[in-house]
Amino acid sequence: MPDSTASEIAAMPWCDATFLGFHWQKDRETPTLILHLSSNQQPEFMLACVWACRLTVELDYGRSVGPLLTFDPKFTSLQGNRWSVHVDLPPQGYLKLECNDLRLVPVA
């Protein structure tokens with residue numbers, strides 16, 4: 001699975017995946033956002049969004065604690081071989097971004 005193409009990753013069943021958070025990869029030459037988004041199908045991998053930009057995060061945990069469940073994340077192919085990623089986390093909010101590539105990276 002780590003060798004999956006962006007199209008294959010986008011087509012995976014991400015509904016009800018567990019969202020644990022996100023972080024930027026340490027490599028500053030290739031801005032990569034790692035989403036700790038684990039599906040039931042791929043629990044041993046996280047989602048890497050390569051050359052991520054236009055990141056918008058609207059989250060209000062309120063009384064919630066711990067991981068959140070996603071509701072049907074959307075992966076949309078854009079012009080220039082780019083991707084739009086929208087992760088809906090109702091009722092706490094959402095996360096959206098654009099990137100050049102999608103990859104699966106192993107959970108450390």
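The sulfur of Cys53 lies 8.2 Å from the closest cysteine sulfur, in Cys99, which is too far for a bond. A disulfide requires two cysteine sulfur atoms within 2.5 Å. Across the whole structure, the search returns zero disulfides. Cys99 is in no disulfide either; its nearest cysteine sulfur, that of Cys49, is 4.5 Å away.

This is a predicted model: local features need pLDDT of at least 70, side-chain atom pairs count only at pLDDT 80 or more, and totals for chains, interfaces and linings use all residues. Residues are numbered from 1 along each chain as its sequence is written, and side-chain values use heavy atoms, with hydrogens and water left out.

One aromatic pair is counted. Rings of Phe, Tyr and Trp (its six-membered ring) pair if their centres lie within 6.5 Å; planes under 30 degrees apart are stacked, over 60 edge-to-face, the rest tilted. Trp14 and Phe75 form a tilted pair, with 6.0 Å between centres and 45° between planes. The pair links distant parts of the chain, 61 residues apart. Trp14 sits in the loop between helix H1 (6-11) and strand E1 (18-24), while Phe75 belongs to strand E6 (residues 74-78). Helices (H or I, at least four residues) and strands (E, at least two) are DSSP runs, numbered from the N terminus.

Exposure of these residues follows. Buried means under 20% relative accessible area, exposed over 50%, partly exposed in between (1.4 Å probe, protein chains only).

| Residue | Relative accessible area | Class |
|---|---|---|
| Cys53 | 30% | partly exposed |
| Cys99 | 0% | buried |
| Trp14 | 3% | buried |
| Phe75 | 13% | buried |
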